[in-house]
Amino acid sequence: MSATPIGMNAKTAAAVQEIYRPIIRGYFAVFAAYYLIIFPTNFGYYHGADLLVVTACALITSALGIIGYFYLRNPAPPNLVERMLVVLNFLVVSNVVIALNLVFEPTKLSYFVIMVMLFALASVSMRQSTLSIAFATLAFITYVPKLSSEDTVTYGFLVFGAVMASLSITFYLRKAISFIAKAKIDAEGRLEEARIVGDNMRQKSLSDSLTGLPNRRAFFEALRKATGQMKTEREQATLAALPEQSNLWLVLVDLDGFKAVNDVHGHLVGDLLLKEVADRLNNHCKDSAHVSRMGGDEFNIILVSPCEEDQIKDWCDRLLESLAKPYVVEGRHVRVSGSMGCRMMDISEAARPQINEADYALMAAKQQGKNRCVVFNEAHAKVAAERHMVEQALRFADLENELELLFQPQIDLREQKVVRAEALARWTSPMVGSIEPTRFIQVAEEAGLITEITLTVVSKAFRVAKGLSNSVPLAINLSSHDVITDPIIDHIIALAKQFEIDPKVIEFEVTETAMMADLEKATDNLNRLAKLGFSIALDDFGTGYSNFSYLRRLPIRKLKVDRSFLENAGDPMTEKVLFSLAGMARTLGVECLLEGIESEVDLLMAKRVGVDAVQGFLFGRPMTAEALDTFLANYSSDDQPERWSGQAVA
């Protein structure tokens, strides 16, 4: 509350002044109260003009004390407060001088001793304190001539001692308070630094280090805030009877083709591409939506808008159009697209199930061809509910008792005999009944439950292989999760040792798409199995990548051509495609099997294109292990000459 003292920076001076403020405020209050209290007593001592002068000076002093007390409720300009204190101290001295001039009594000179001590304690600067003490000292000196020599020495020493003590108190008190102020400033500085560091750490914890977008944690915080804000707005809208209310939309975005960019151009280009995608998302959403990166190539958008379903689809379609435009990354032209799943959030319901429903809509967009937006609706809700029911049943299933294996024979066209049987899992749940294999396998893979199914199927198949009286090699399917997970492969190998299985009688089937999740890891694990003597077959061949370069790297002994190629057997192109696929198998030096042989026409087609083996209902529907044993015992090419000649069997 004063100009910055020498040797003290402005920040420290301001802190000192703030520490002094309640002291000075109390100082004003004390003098205001003192002169108000003694005001009535003046009427007993003074009369006439003397009374008028004394009471006027007392009232002015009290008024200034009251003004100062209320004025200092808040920080005030230092120079102004300094001047107010000088005036107040001058008035206090004046009150004593007036009283002594009217009625001189030497004992009243002790007031000057009290005054200089008070002036020292209540000072905002050395200048103000020195000036106030000087007033009091000069006033005392004017009365020295009226004193006896003895009183002069007595009161002179008192006043001199008080002056010296007061100046010392002023100096050292301010010095001590300045130390306190510096310590306070230092502590506040450290706290501020800690707050900044904490804010930075929190910002980093809520930000994606690659793209700078909010991360998964920030997304859930933003969703909680948005939900709470929507609740408040809905309550206000209800009270105000507003006609239009905003909706809270959740949009999940997943890039199509991003993995291929990483595989072809490397992770550096992939990272730079993600930054470009983040920029396009921000440019499209601007301040109207919260965009976050959930990890990998997945992004979430929270949009508060009055949009209805058709409007949100238009909004998403424009965003998809932006994402699908070519990117130039490190001088390379790169193209990806996006798939989106949308869900209008119900703020009265839990968020997690609704996020899962938006994710289901995203999965539907992927399945429908990608580069599109799907809004979760009642039809999706019904399918999702059924899926949830299957998932819950799987989680509590006793697979050892509920899972059954059926076997479908594979026929060698040259040797005209059964050369293998594929193990097919069938599940009947006590909770939901019998469920299609494709359905529960897909749910199990998506829910991370496929491992237990795989290991149950493998152990059951191994037991059947050991128990068949008419021995035949078995084929067992492995999922995408299985082939890229070392512990599962380790477990399968351990089961083979436990059951003393000869690897030559077991073939593992994997799909092309299953290996694309991590081709290097899948290749390593398949090589491990192949080195032990297990046969490896590539299932659904022709429906995936069918890339000759990677096929050469895999330890494949058989290509299984998907039955979808037989759905339009009358199309001349069908035979050409099948012939080329069988030719690729011959080039690779592996066996080629055609699935889905259900009629004599299909069998004739298989022979014409040159496949080595076939599998389908024409030779046997999936059957139990006992039925397979009987089938193997009864099956003989000599019993079915018409079938092998391509003629119908009655």
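**Exercise 1. Find the strand order of the open five-strand sheet and name its edge strands.**

Solution. This is a predicted model: local features need pLDDT of at least 70, side-chain atom pairs count only at pLDDT 80 or more, and totals for chains, interfaces and linings use all residues. Residues are numbered from 1 along each chain as its sequence is written, and side-chain values use heavy atoms, with hydrogens and water left out.

Step 1. Take the strands as DSSP runs of E, at least two residues, and helices as runs of H or I, at least four, both numbered from the N terminus. Two strands pair if DSSP finds at least two bridges between them.

Step 2. Read the order: β2-β3-β1-β6-β7, with mixed pairing.

Step 3. β2 (289–295) and β7 (373–375) each have a single partner strand, so one side of each lacks a neighbour in the sheet.

Step 4. On average, neighbouring strands are turned by 20 degrees against each other, direction ignored. Axes here are lines fitted to C-alpha atoms, for helices over the stretch in contact; angles run from 0 to 180 degrees between N-to-C directions.

**Exercise 2. Describe how β1 is joined to β3, and what packs on the sheet.**

Solution. Step 1. β1 (residues 247–256) and β3 (residues 298–305) run antiparallel, joined by eight bridges.

Step 1. Contact means heavy atoms within 4.5 Å.

**Exercise 3. Classify the ring pair W427 and F440.**

Solution. Step 1. Apply the cut-offs: rings of Phe, Tyr and Trp (its six-membered ring) pair if their centres lie within 6.5 Å; planes under 30 degrees apart are stacked, over 60 edge-to-face, the rest tilted.

Step 1. The structure holds 10 aromatic pairs. W427 and F440 are 5.6 Å apart centre to centre, with 70 degrees between the planes: edge-to-face.

Step 2. W427 is in strand β9 (residues 417–429), F440 in helix α15 (residues 437–447), 13 residues apart.

Step 3. Check burial (buried is under 20% relative accessible area, exposed over 50%, partly exposed in between; 1.4 Å probe, protein chains only). W427 counts as buried because its relative accessibility is 1%. F440, at 0%, counts as buried too.

**Exercise 4. Classify the ring pair F508 and F534.**

Solution. Step 1. The centres are 5.2 Å apart and the planes 55 degrees: tilted.

Step 1. F508 lies in strand β12 (residues 506–511), F534 in the loop between α20 (519–531) and β13 (535–541).

Step 2. Both F508 and F534 are buried.
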